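Here is my note on this model. Please keep the structure open while reading the points.

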Amino acid sequence: MKHSELSVFKENQHKISCLTAYDASMAKLLDQAGVDAILIGDSLGMVIQGAENTQSVSMHDMIYHTSIVSKVCSDALIIADMPFKSYDNSEDALNNAKALIDVGARMVKLEGGSEHSEVIKTLISNNINICGHLGLQPQLVVSSDDYRVQGRDESSAREIISNASCLESLGVSALVLECIPSNLAKTVSEKLKIPTIGIGAGRDCDGQVLVSYDMLGITSGKQPRFVRNFLKNQNTISDALESFVAEVKEGTFPLQSESY
Ligand code: KIV
């Protein structure tokens, strides 16, 4: 899928399904299940490397995982995360984004808003497609106590809305909204022409993303309320992935009880 097709999904009111993958076997299953976009997330720090947060993930790690995922996918849009500190200035950001594109990413994702305007302008003027990420920004999370719903009060909600508009005006192609109240995500989604992809942001986003290991029940410990175990009522991993795609498309995932 081309990055421009994400906007067509929104125009046609078709929801976008997105899951993370880090290895070839899982990526192949996701692609075959009809997942629209596959994110090589820096969640691999916790999921694959057993770290407490995403900050230790390097460009070397991201290039390795992006190259193996993108080699086996034929349909899904491949989005790769720019890891912590890889986009602190325009020159580094451009070199690092190009390295991810060279191994098969069609779009790169970076966290934050207007503070990255110069970096974003540089990437876009070099034809690199960008997905933004607002709300909870995992790269700012150091310990599990930092996982909190964002945008609950008026001023932080206003900041998220203004950063979302800023990212759109800079030419970002899509926007992940993580862990924000569903009414705020609805406001942002209605305001923007570009699609929003929510995780813990309610049903009114234009698409949904989950960490694949979470939605298959592999991740241990207490899960946030927005994680549904799709394997629970299915016999195979492929069935669980197809069920995720179907429920996102039908708008039956997430429920209000799985939102804030
Ligand atoms: O790294 C990741 O998996 C992500 C998702 C939580 C959206 O950024």
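1. Phe230 and Phe253 are both buried, where buried means under 20% relative accessible area, exposed over 50% and partly exposed in between (1.4 Å probe, protein chains only). The model is predicted: local features need pLDDT of at least 70, side-chain atom pairs count only at pLDDT 80 or more, and totals for chains, interfaces and linings use all residues. Residues are numbered from 1 along each chain as its sequence is written, and side-chain values use heavy atoms, with hydrogens and water left out.

2. Now the ring pairs. The structure holds five aromatic pairs. Rings of Phe, Tyr and Trp (its six-membered ring) pair if their centres lie within 6.5 Å; planes under 30 degrees apart count as stacked, over 60 as edge-to-face and the rest as tilted. Phe230 and Phe244 form an edge-to-face pair, because their centres are 5.4 Å apart and their planes stand at 85 degrees. This pair links distant parts of the chain, 14 residues apart: Phe230 is in the loop between helix H9 (212–215) and helix H10 (237–250), Phe244 in helix H10. Helices (H or I, at least four residues) and strands (E, at least two) are DSSP runs, numbered from the N terminus.

3. Which residues join Phe230 in a cluster of ring pairs? Phe244 and Phe253 do. Phe230 has a relative accessible area of 4%, and Phe244 has 0%. The pair of Phe230 and Phe253 is edge-to-face, at 5.2 Å centre to centre and 75 degrees between the planes. Phe253 lies in the segment after H10 and Phe230 in the loop between H9 and H10, so this pair ties together parts 23 residues apart in sequence.

4. Phe253 and Pro254 are joined by a cis peptide bond, with omega about 0 degrees. Pro254 is in the segment after H10.

5. H10 itself has 14 residues. Its first and last C-alpha are 20 Å apart, close to the 20 Å expected at 1.5 Å a residue; the expected span is 1.5 Å times one less than the number of residues. Buried residues in H10 include Leu241, Phe244 and Val248. Their cover includes E1, helix H2 (24–32), E8 and H9, with contact meaning heavy atoms within 4.5 Å. Gly251 follows H10 and has a positive phi, near 80 degrees.

6. On the barrel: eight strands close in the order E1-E2-E3-E4-E5-E6-E7-E8, with parallel pairing. The twist averages 25 degrees from one strand to the next. Two strands pair if DSSP finds at least two bridges between them. Strand E1 (residues 16–20) and strand E8 (residues 207–210) run parallel and are joined by four bridges. Ser17 stands opposite Gln208 in E8.

7. Two positive phi values deserve a look. Lys85, in the loop between strand E3 (77–81) and helix H5 (90–102), has phi near 65 degrees. Lys85 is exposed, at 54% relative accessible area. The charged end of Lys85 sits over the ring of Phe84, 5.2 Å from its centre (NZ of Lys or CZ of Arg within 6 Å of the ring centre and within 35 degrees of the ring normal). Cys179, in the loop between E6 and H8, has phi near 55 degrees. Cys179 is buried, at 6% relative accessibility.

8. Finally, Gln139. This residue is found in the loop between E5 and H7 and is buried, at 4%. Residues touching Gln139 include Asp42, Phe84 and Glu111.

Note on methods. Axes fitted to C-alpha atoms, helices over the stretch in contact; angles between N-to-C directions. Lists of a residue's contacts leave out its neighbours within four places in sequence.
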